[in-house]
Amino acid sequence: MKTISILGATGSIGTQALDVIKNNPEHFRLGAISIGRNINRLREILTDFTPHLVSVQDESVVKDLTSDYPHIEFTYGEQGLLDVASSSCDILLTAIMGSIGLKPTLKAIDNKTTIALANKETLVAAGDIVMRRAKENNVSIIPVDSEHSALFQCLKGENIKEVEQLIITASGGSFRDLTREELTHVTLKDALNHPNWSMGQKITIDSATMMNKGFEVIEAKHLFDLPTEKIQTVLHKESIIHSMVEFIDNSMIAQLGNSDMRTAIQYAFTHPERLHKNNPLKLSELHQLNFKPMDFHRFKMLKFAYDALEAGGTLATVMNAANEFAVGQFLQGQISFLEIEEIVERRMMMHDNIQNPDLETILSLDAQYKSNMR
Ligand SMILES: NC(=O)c1ccc[n+]([C@@H]2O[C@H](COP(=O)([O-])OP(=O)(O)OC[C@H]3O[C@@H](n4cnc5c(N)ncnc54)[C@H](OP(=O)(O)O)[C@@H]3O)[C@@H](O)[C@H]2O)c1
């Protein structure tokens, strides 16, 4: 029996993780959770589960919740996230959105808790620091992102020195078939309509801009510690092959599955073992698998991510913060779709890169470049 705590329990990944726990009561129990502002969803969760600790974003709701659920301890704000991260459990699933996940992830690592990592922004913002801290504490970081779960599974039992390249697949997002010119007039509603995956709003927009794939390249670099030139991306519109590894003898191993994040979440919880799950890929879906080379002109945000990785230092931190700001503006209807990449590019260009930053520098740049500095 493993105790699982979740940062971001009301989100898309959080909800699917709760399904995994609910479907396997003999293997998993829920520990502590954090949510943001979706109190209605929290109340639904509390009809099925009894976490011992719940963190909410706003202090104002704590009094009512405490009187409605007297047997549960409530906490709030950034300190609440740290409280959840430091409460004892076997695995902390980081399914919160954005770089706000960084400090609680480090807290859990210091507590020697295994991390099931969905919150990729944490590794983009501060991958060197997080991975170093995990190594020092002998803590495993198990990927939940479907592409990295795929790579993790393909690399099981393999020697990383024998890897020729990692090939991360990309569905292409909501606008994969549009030209740059056609992107000028796309709407928020169009952008939120992902062809293959049902996900939270920010990652759906990140998929449409291809920033998400850029994040995944950076995430792969940190998780698997390979040089940038060994991390490639390819367009694969079916999202059936979640990613693949080519070895030095030209053998390739791919991981396949349907577009169901519960598979990767469950694997992160059970690794190195597997548990039965009842949602198989139909063989008929394998009849036609398409691949297209990635176009860096069409998907400029992916190029920005490779540039940030090459530059090292704080450029990826700034890129991530600028993107969080710009996507927030787009979601509020303040800017157009193409302005997202304009803002990210402008902020990256104005930044004087700092090599080997400490955590304080990263946190301060994150706050600065996430703010309205236009
Ligand atoms: N969805 C996917 O299929 C998928 C796949 C791979 C990786 N990921 C990664 O997983 C993470 C979560 O993605 P998602 O799609 O599940 O996002 P989501 O549906 O938007 O959920 C985000 C969660 O974070 C909480 N949250 C947001 N801001 C917060 C704040 N300031 N303080 C406290 N809690 C806050 C939200 O709370 P409320 O809703 O209660 O406000 C919600 O529980 C992201 O890093 C994403 O890139 C997602």
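Modeller: The shell around the ligand takes at least three residues from domain 1 (2-143) and at least three from domain 2 (160-258 + 290-311). Please bear in mind that this is a predicted model.

Colleague: How many residues surround the ligand, and which are the closest?

Modeller: The ligand is surrounded by 24 residues, with Thr10, Arg37, Glu121, Asp145 and Gly200 the closest. By class, 11 of the shell residues are nonpolar, nine are polar and four are charged. Helix H1 (12-23) and helix H6 (120-136) each contribute at least two residues to this shell.

Colleague: Which atoms of Thr10, Gly11 and Ser12 lie at what distances from an oxygen atom of the ligand?

Modeller: For Thr10, a side-chain N or O atom is 2.7 Å from a ligand oxygen. Gly11 places a backbone N or O atom 3.1 Å from an oxygen atom of the ligand, and for Ser12 a backbone N or O atom is at 2.9 Å from a ligand oxygen. Of the 900 Å² of accessible area that the ligand has on its own, the protein covers 85%.

Colleague: Which residues line the largest cavity?

Modeller: Its lining consists of Arg180, Leu183, Ala208, Thr209, Arg298, Phe299, Phe337 and Glu341. Four of these lining residues are nonpolar, one is polar and three are charged. Helix H9 (201-209) and helix H14 (337-350) each provide at least two residues of the lining.

Notes. Residues numbered from 1 in each chain as written. Predicted model: local features only at pLDDT ≥ 70, side-chain atom pairs only at ≥ 80, totals over all residues. Heavy atoms only, no water. 1 Å grid on protein atoms, 1.4 Å probe; cavity = no way out; pocket = protein on both sides within 12 Å on 5 of 7 lines; lining within 4 Å. Helix = DSSP H or I, 4+ residues; strand = E, 2+ residues; numbered from the N terminus. Nonpolar A, V, L, I, M, F, W, Y, C, P; charged D, E, K, R; others polar. Near = heavy atom within 4 Å. Polar contact = N/O pair within 3.5 Å; in protein donor to acceptor, adjacent residues only side chain to side chain. Areas by Shrake-Rupley, 256 points an atom, 1.4 Å probe, with all protein chains shown as cover. Domains from an automatic or database assignment.
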